Amino acid sequence: MEVGLTHYLVISLCLFSLGIFGILTRKNAIMVLMGIELILNSANINFVAFSRFGNFGFNGQVIALFVIVLAAAEAAIALAIVLNIYKTFSTVNVDEIDKLKD
Amino acid sequence: MSVFDIIFYLFAAVTVVSAFFVVTTRNIVHSAFYLLFTFFGVAGLYVLLGSDFLAIVQLVIYVGGILILLIFGVMLTNKITNVEIKTGTMQILPAAVGVGLFAGIVAAALLKTNWITINNDVPSSSARFIGSMLIIDYVVIFELLGIVLLVALIGAASIARK
């Protein structure tokens with residue numbers, strides 16, 4: 001069977017499911033961030049695959065570029081927040097952080 | 001099976017297997033390094049899809065930027081000298097069942113769908129087309145993303161040093 005759109009979609013589905021699994025099961029906030037990165041990557045694979053096999057020109061690739069930029073901004077902000085949480089609570093386990101204010 | 005297919009399955013295996021290890025390894029630093037291989041695999045898939053520019057951007061921004069940030073985060077939020085860099089897990093079984101159900105349903109849907117695909121011819125370099133689209137069709141979003149990045153940079157710096 002020749003490699004086509006379906007193959008890329010299946011890989012993207014695998015990455016998405018693993019990312020969701022990581023977000024649901026991990027306690028560490030940074031591991032949750034890694035799960036989010038996996039999900040963004042799977043979305044990007046979908047965008048580029050549809051740009052290659054669909055009738056959309058280069059729009060998919062440009063939007064994938066925007067997603068990468070937003071992922072970079074998100075990672076920077078989220079890590080700043082995680083550092084602050086660590087300073088306040090001395091832990092980054094998301095199940096122990098249950099106060100808005102101490 | 002052509003050479004293209006073999007390379008595709010190689011990159012696909014690297015991507016999915018290392019992504020699996022990212023979410024199952026107990027050591028966070030190991031997870032971060034497995035994430036490196038996932039990003040490399042995804043970059044390879046981009047090359048196979050004919051978007052060379054995006055593959056380079058993926059390597060530069062994800063591997064060179066986001067992954068370094070994540071490793072910095074691991075280093076700054078764990079006392080490496082006296083506490084092991086391990087992370088707990090919880091609710092593995094319900095999560096596995098739920099994610100498995102979801103993946104099964106979506107896989108059935110996308111395998112049963114009869115996708116109408118066009119085999120577009122791949123230009124030797126996609127950077128020229130992406131650049132002209134950024135300047136002509138998406139110029140507002142392009143400028144807005146610049147502002148977003150600036151705001152994120154200032155915001156991250158000010159949040160982190162409070």
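Chain A has a radius of gyration of 17 Å, whereas a compact globule of 102 residues would come in near 13 Å; the radius is taken over C-alpha atoms, and the globule rule is 2.2 Å times the number of residues to the power 0.38. This is a predicted model, in which local features need pLDDT of at least 70 and side-chain atom pairs count only at pLDDT 80 or more, while totals for chains, interfaces and linings use all residues. Residues are numbered from 1 along each chain as its sequence is written, with chains lettered from A and ligands numbered from 1 in the order in which they are written. The predictor gives the complex an ipTM of 0.90 and a pTM of 0.90. For chain B the mean pLDDT (the predictor's confidence in each residue, from 0 to 100) is 88, and 93% of the residues reach 70 or more.

Chain A is put together from three helices and zero strands, running α-α-α from the N terminus. Helices here are DSSP runs of H or I with at least four residues, strands are runs of E with at least two, and both are numbered from the N terminus. The C-alpha trace of chain A spans about 55 × 25 × 15 Å along its principal axes. Buried residues account for 54% of the 102 residues in the chain. A residue is buried if 20 or more other C-beta atoms lie within 10 Å of its own, exposed if 12 or fewer, and partly exposed in between, with C-beta atoms placed from the backbone. Contacts are called when two such C-beta atoms lie within 7 Å. Among the contacts in chain A between residues at least 6 apart in sequence, 46% join residues at least 24 apart.

H2(A) is mostly covered, with 22 of its 25 residues buried. From first C-alpha to last, H2(A) reaches 37 Å, close to the 36 Å expected at 1.5 Å a residue; the expected span is 1.5 Å times one less than the number of residues. Past H3 of chain A, the following segment holds A:Ser90. The phi angle of A:Ser90 is near 60 degrees, a positive value in a residue other than glycine. A:Ser90 counts as exposed because it has 10 C-beta neighbours inside 10 Å.

Chain B has six helices and zero strands, in the order α-α-α-α-α-α from the N terminus. Its radius of gyration is 20 Å, well over the 15 Å that the globule rule gives for 162 residues, so chain B is more spread out than a compact globule. The C-alpha trace of chain B spans about 55 × 40 × 30 Å along its principal axes, and 25% of the 162 residues count as buried. H6(B) lies largely in the open, because the number buried among its 22 residues is one. H6(B) reaches 32 Å from its first C-alpha to its last, close to the 32 Å expected at 1.5 Å a residue.

Where the chains meet, 68 residues of chain B are in contact with 61 residues of chain A. Helices H1 (3-24), H2 (28-48), H3 (52-77), H4 (92-112), H5 (127-136) and H6 (139-160) of chain B each supply at least two residues of the side that touches chain A. H3(B) gives the largest share of that side, 12 residues. By class, the side of chain B that touches chain A has 49 nonpolar residues (Ala, Val, Leu, Ile, Met, Phe, Trp, Tyr, Cys and Pro), two charged ones (Asp, Glu, Lys and Arg count as such) and 17 polar ones (the others, Gly among them).

The largest nonpolar core has 65 residues; such a core is a set of buried Ala, Val, Leu, Ile, Met, Phe, Trp, Tyr and Cys residues joined through C-beta atoms within 7 Å. The residues with the most contacts inside this core are A:Ile30, A:Met34, A:Val48, A:Ala49, B:Leu45, B:Tyr46 and B:Leu70. Helices H1 (5-25), H2 (29-53) and H3 (59-89) of chain A, together with H1, H2 and H3 of chain B, each give two or more residues to the core, and H2(A) has the largest share, 14 residues.

Leaving aside neighbours within four places in sequence, B:Tyr46 is in contact with A:Val48, B:Ser51, B:Leu54, B:Ala55 and B:Gln58. In helix H1 of chain B sits B:Phe8, which counts as buried because it has 20 C-beta neighbours inside 10 Å. With the neighbours within four places again left out, B:Phe8 is in contact with A:Val3, A:His7 and B:Leu48.
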